[in-house]
Amino acid sequence: MTTFKGTDVSQWQGNINFNAVKASGIDFVIIRAGYGHSTSQKDPYFEQNYIRAKNAGLNVGAYWYSYADSASDAKIEADTCLYVIAGKQFDYPICFDLEERSQFNRGSNFCSALVSAFCSEIEAHGYYAGLYISRSPLQTYISSDVAKRYALWIAEYNNRLNYSGEYGIWQYSSTGDVSGISGSVDMDYSYIDYPAIIKQKGLNGYGTNTKALKSTDEIVKEVLAGQWGNGDERKNRLTAAGYNYDTIQATINQQLNAKSADDIAHEVILGKWGNDPQRSQNLRAAGYDPATIQKRVNQLL
């Protein structure tokens, strides 16, 4: 069985010399595209990392870190991810990164629904979808049918991966040393020739199967401007164009019912949004920027 050697990176690795990474024997790199459900949460190094990795001759994948608190929210995250990665070609899966304790605390049905919502949306637009997750929560919070349905990228920092099911990528260390990258970095092995599969099927920007989407934020602005009609007409037109109507409508409702930063800051002071890290999770899920709200809280206090 052929084994491919890889790493995964984000803004936390700063400027990377991908030519040195390639020369060190690395075959592939999986790059964080962003997190959450706003285009403002795009990884600031994503474009740079993608271009430099491709130019160095590395095979490239992407991942999106989730804070979703519902299946519909996970679809919004998927649509935001699709917008960020549009126009690029990826040789490895586009992975849903599931790590938040607040998500695991809601159980297997909830977590499995998040994965299915994100990955099915990614697949519907011509991409090869996958799940990144640590081995223990995978076995605890992800149903077997969902685990088997998508590419699996599993983290377990050990001399072996203690998982009996099928998987494609093993993240075996978070303290790797790779030429061209400052500091410790995650290390991965891939046991599936994803580039061959993806190119043969015309996915991930190769061929004609990939559909370009506008971001959820853009579509919401267009809907509010009256460009998509009302009622059933709106629903039918959005669906035909490849957008998830429920996701778009939920975002619209959220924006129309949004409170001011002052209102939310007063509610935070009264304890209605809980304490961090749950507070930030709740605010983000409701469409508010935690840093903006905290700044206003500090001013009021």
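1. To begin with helix α11, its buried residues pack against α3, α9 (216-224) and α10 (231-240), where contact means heavy atoms within 4.5 Å. The buried residues of α11 are Tyr245, Thr247, Ile248, Gln249, Thr251 and Ile252, with buried meaning under 20% relative accessible area, exposed over 50%, and partly exposed in between (1.4 Å probe, protein chains only). Helix α11 covers residues 245-256, and its 12 residues reach 16 Å from the first C-alpha to the last, close to the 16 Å expected at 1.5 Å a residue; the expected span is 1.5 Å times one less than the number of residues.

2. On provenance, this is a predicted model, in which local features need pLDDT of at least 70 and side-chain atom pairs count only at pLDDT 80 or more, while totals for chains, interfaces and linings use all residues. Residues are numbered from 1 along each chain as its sequence is written, and side-chain values use heavy atoms, with hydrogens and water left out.

3. As to the overall fold, the chain has 14 helices and eight strands, these being DSSP runs numbered from the N terminus (helices H or I, at least four residues; strands E, at least two). Its radius of gyration is 20 Å, close to the 19 Å that the globule rule gives for 301 residues, so the chain is as compact as a globular protein of that length; the radius is taken over C-alpha atoms, and the rule is 2.2 Å times the number of residues to the power 0.38. Buried residues make up 51% of the 301 residues, and of the contacts with a separation of 6 or more, 65% are between residues 24 or more positions apart.

4. Helix α3 (residues 71-85) packs with helix α5 (residues 107-124) at an angle of about 35°, the axes being 8 Å apart, and the crossing is right-handed. Axes are lines fitted to C-alpha atoms, for helices over the stretch in contact, and angles run from 0 to 180 degrees between N-to-C directions; a crossing is right-handed if the near helix is turned clockwise from the far one by less than a right angle, and left-handed if anticlockwise. Among the residues that meet are Ala74, Ala78 and Leu82 in α3, and Leu114, Phe118 and Ile122 in α5.

5. Lys88 deserves a look alongside Asn204. Lys88, in the loop between α3 and β4 (94-97), is buried, with a relative accessible area of 11%, and its contacts, leaving aside neighbours within four places in sequence, are Phe46, Glu47, Tyr50, Asn204 and Gly205. Asn204 itself sits in the loop between α8 (194-201) and α9, is buried at a relative accessible area of 0%, and has a positive phi of about 60° although it is not a glycine.

6. Glu166, by contrast, counts as exposed at 75% relative accessibility, and lies in the loop between β6 (151-155) and β7 (169-176).
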